[in-house]
Amino acid sequence: MKGIAGFCRRCLTSEMPDNDYFKTMYEYIAGLDEEIKVSDETYQTRLSTCKQCDNLLNGICRVCGCFVEMRAAIAKNKCPAITSKWGT
């Protein structure tokens, strides 16, 4: 089956082949008001946690259906799992 070799269950969209498809999402994140964004350190910690989660599938959270890179960027957002995995 074509394309199966590149399948990565726990990849973020930025790590996927042809990630230019998600360019507008990265532009949206970059353009967020600094008052609502988390720090770069918190953002990377959240994404690292998501990458270890069984609910991550091709950059999408299977609990809520969001792109984790967008959800993790906004300070008020929480991990949607019953027991939050972000700890903040």
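E34 is exposed, at a relative accessible area of 58%. Exposed means over 50% relative accessible area, buried under 20%, and partly exposed in between, with a 1.4 Å probe and protein chains only. The model is predicted: local features need pLDDT of at least 70, side-chain atom pairs count only at pLDDT 80 or more, and totals for chains, interfaces and linings use all residues. Residues are numbered from 1 along each chain as its sequence is written, and side-chain values use heavy atoms, with hydrogens and water left out.

E34 has a charged partner: its side chain meets that of K37 in a salt bridge. The term stands for a side-chain nitrogen of Lys or Arg within 4 Å of a carboxyl oxygen of Asp or Glu. The whole structure holds two salt bridges.

| Salt bridge | N to O distance |
|---|---|
| K37 and E34 | 3.7 Å |
| K23 and E27 | 4.0 Å |

K23 and E27 both belong to helix α1, residues 23-30. They are four residues apart there, so about one helical turn separates them. E27 is partly exposed, with 44% relative accessibility.

Now the fold. The protein chain has three helices and two strands. From the N terminus, the order is α-α-β-β-α. These elements are DSSP runs, numbered from the N terminus: helices are H or I with at least four residues, strands E with at least two.

Of the 88 residues of the protein chain, 32% are buried. The chain exposes about 6000 Å², and carbon and sulfur atoms supply 55% of that area. Such areas come from the Shrake-Rupley method with a 1.4 Å probe; for residues, only the protein chains shown count as cover. Among contacts with a separation of 6 or more, 61% join residues 24 or more positions apart. A contact means heavy atoms within 4.5 Å.

A cavity is a set of points, on a 1 Å grid over the protein atoms alone, where a 1.4 Å probe fits but cannot get out; lining residues have an atom within 4 Å of a point. Points are joined across faces, edges and corners, and the volume is the space filled by probe spheres set on them.

The largest cavity has a volume of about 120 Å³. Its lining counts 14 residues, with C50, C53, C61, V68 and C79 nearest the centre. Helices α2 (40-51) and α3 (68-73) each supply at least two lining residues.

Methods: 1 Å grid on protein atoms, 1.4 Å probe; cavity = no way out; pocket = protein on both sides within 12 Å on 5 of 7 lines; lining within 4 Å.
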